[in-house]
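Here is a set of questions and answers about one protein structure, in which each term is set against its definition. Please look at the sequence and the structure first.

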Amino acid sequence: VNQRIRVYAESDGVVAHLGVRDGMYVTPAIELMSIADLERVWVQVEVFERQSAWVAAGQRAEVQLDYLPGKRWQGTVDYVYPELDANTRTLKVRLRFDNPATVLRPNMFASVTIFGTPTEMAVHVPREALIRGGTTDRVVLRVADGRFQSQAVVPGIESGDRVEILSGV
């Protein structure tokens, strides 16, 4: 009887989980180890509920890491999960990135940009100009020299520091 048995992995990669220890009794039901191929990685992101309608599979995405400032990786939206997280009110989205230098690693934090589809011409205001209320959102309009009026509006999508105004102006 052999005391040691060689086990060969089906592919190259990094040991992501080692479920066996020295002297341990193993059975076919025990996962000894899992090996991750880091040449292509998935990045899991959470998108705010109000922005969930803008995300679709196939869109371009970009990721940046704090420890490598200025370096950006280009990828795509691989999958949009069908259900919102009830606690955080966010939608999970899976992005796919090529990672030939294996710089992107499991459990890292990253800054992500997902590039949505272009919209038509729209009226938009700075985010600070929108006064959000419980039932009504408002902006302040200049109606004449030195005179201003509060106007109820319906806000649309937010992008950067701008908010689209769907109606009311």
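Q: Which residues line the second largest pocket?

A: The lining consists of Asn 2, Gln 3, Arg 4, Ile 5, Val 7, Val 20, Arg 21, Asp 22, Gly 23, Met 24, Val 26 and Leu 32. A pocket here is an open set of points on a 1 Å grid over the protein atoms alone, where a 1.4 Å probe fits, with protein on both sides within 12 Å along at least five of seven lines, and lining residues have an atom within 4 Å of a point. The model is predicted, so local features need pLDDT of at least 70 and side-chain atom pairs count only at pLDDT 80 or more, while totals for chains, interfaces and linings use all residues. Residues are numbered from 1 along each chain as its sequence is written, and side-chain values use heavy atoms, with hydrogens and water left out.

Q: How much space lies in the second largest pocket, and what classes of residue make up its lining?

A: About 450 Å³ of space lies in this pocket, a volume being the space filled by probe spheres set on the grid points, which are joined across faces, edges and corners. Its lining has six nonpolar, three polar and three charged residues, where Ala, Val, Leu, Ile, Met, Phe, Trp, Tyr, Cys and Pro count as nonpolar, Asp, Glu, Lys and Arg as charged, and the others, Gly among them, as polar.

Q: What lines the largest pocket?

A: The largest pocket, with about 850 Å³ of space, is lined by 28 residues, of which Trp 54, Ile 114, Gly 116, Glu 158 and Ser 159 lie nearest its centre. Strand 3 gives the most to this lining, with four residues, a strand being a DSSP run of E with at least two residues, numbered from the N terminus. By class, the lining of the largest pocket divides into 14 nonpolar, eight polar and six charged residues.

Q: Why is Leu 65 called buried?

A: Its relative accessibility is 4%, and buried means under 20% relative accessible area, exposed over 50% and partly exposed in between, with a 1.4 Å probe and protein chains only; therefore Leu 65 counts as buried. Leu 65 is placed in the loop between strand 4 (60-64) and strand 5 (72-85). Leaving aside neighbours within four places in sequence, Leu 65 is in contact with residues including Trp 73, Val 103 and Leu 104, contact meaning heavy atoms within 4.5 Å.

Q: Why does Val 14 count as partly exposed?

A: Val 14, in strand 1 (residues 14-18), has 43% relative accessibility, so it counts as partly exposed. The C-alpha atoms of Val 14 and Leu 65 are separated by 21 Å.

Q: Is Glu 62 buried or exposed, and what makes its link with Arg 72 a polar contact?

A: Glu 62 belongs to strand 4, and because its relative accessible area is 12%, it is buried. The side chains of Glu 62 and Arg 72 make a polar contact at 2.7 Å, and the term asks for a pair of N or O atoms within 3.5 Å, where within protein one must be able to donate a hydrogen and the other to accept it, and residues adjacent in sequence count only if both atoms are side-chain atoms.

Q: What makes a set of residues a nonpolar core, and which residues have the most contacts inside the largest one?

A: A nonpolar core is a set of buried Ala, Val, Leu, Ile, Met, Phe, Trp, Tyr and Cys residues joined through side-chain atoms within 4.5 Å. The largest has 17 residues, and Trp 73, Val 93, Leu 95, Phe 97 and Leu 104 have the most contacts inside it.
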